[in-house]
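Student: I have not looked at this structure before. Could we go through it by question and answer?

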Amino acid sequence: MIPQFRRRHALAVIATMLFSAFSVEAEEAPVIAAASDLQFVLTEIASDFQAETGQEIRLSFGSTGNFARQIREGAPFQMFLAADESFVSALYAEGLTRDEGSLYALGRLVMIVPENATLRADSNLDDLATKLTDGSLARFAIANPDHAPYGARAKEALISRGLWDQIEPKLVLGENVSQAAQFALSGNAEGGIIAYSLALAPDLAGKGTYTLLPEEWHEPLRQRMVLLRDAGPVAQDFYRYMQTEQARAKMKSYGFTLPEGE
């Protein structure tokens, strides 16, 4: 009986150790939900964070609206970096976040076209207007405005320029702004309106030409981050790291700014 008891005891100890190791690993690698305009810059920041602290996070990129829905449905995210602060405010009002979060960036829109495209990227969208009028534009990419903030702002910009009704039947909608960028540069469309941060990413550099669109054509892309209700210590550390000068400098290098006085 004693050997059997010892065997069972040993197995129980091993099981406890494995469970503890799994728990620590899970705690050290929280899942962070991030708007897809952050795909490249946040990957670099997370790498810097791990190098400096030894702590690891897992990044999940997608559209802000879809993430907000998933959070309401109980998705196990510990931190949320939204491309539109209104989604964070709504989650806070529903009691799903620790607080109201903090503004971390102001985003910008660009028109982008692939190399050797017949469509020209210009800040007033004059060539786009010409090609819509003469019927030579076949497809144009933006993120889905129903749940992607960069898509919603692209729609506002096109409305401001008076082009929405003409261009709507020709739109190729990305599930998020990162997918819209792929469509705009891969031949699935003749161009598109995407996040400035993606146009600056090394992976996309040289694949197209772009120009910034006037900020007054759309509502500001005020991007807010927040810790969710069950955020653990690693997520809390990353939240603080996002507010350091190192992280802010990296954000700036990808075309993000902070509103004056905030």
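Student: Is arginine 248 buried, partly exposed or exposed?

Tutor: This is a predicted model, in which local features need pLDDT of at least 70, side-chain atom pairs count only at pLDDT 80 or more, and totals for chains, interfaces and linings use all residues. Residues are numbered from 1 along each chain as its sequence is written, and side-chain values use heavy atoms, with hydrogens and water left out. Buried means under 20% relative accessible area, exposed over 50%, and partly exposed in between (1.4 Å probe, protein chains only). Arginine 248 has a relative accessible area of 36%, so this residue is partly exposed.

Student: Which residue forms a salt bridge with arginine 248?

Tutor: A salt bridge is a side-chain nitrogen of Lys or Arg within 4 Å of a carboxyl oxygen of Asp or Glu. The closest N and O atoms are 3.8 Å apart, and the partner is glutamate 245.

Student: How many residues apart in sequence are the parts that glutamate 85 and arginine 222 tie together?

Tutor: These two side chains form a salt bridge, with the closest N and O atoms 2.6 Å apart. Glutamate 85 counts as buried at 18% relative accessibility, while arginine 222 is partly exposed at 22%. Strands are DSSP runs of E, at least two residues. Because glutamate 85 lies in helix 4 (residues 85-93) and arginine 222 in strand 10 (residues 221-227), the parts tied together are 137 residues apart.

Student: Which residues have the most contacts inside the largest nonpolar core?

Tutor: A nonpolar core is a set of buried Ala, Val, Leu, Ile, Met, Phe, Trp, Tyr and Cys residues joined through side-chain atoms within 4.5 Å. The largest one has 73 residues, and those with the most contacts inside it are Leu81, Leu128, Phe140 and Met242.

Student: How many residues are in the second, separate core?

Tutor: Among its members are Ile71, Phe80, Val226 and Leu228. The size of this second core is 12 residues.

Conventions: Helices (H or I, at least four residues) and strands (E, at least two) are DSSP runs, numbered from the N terminus.
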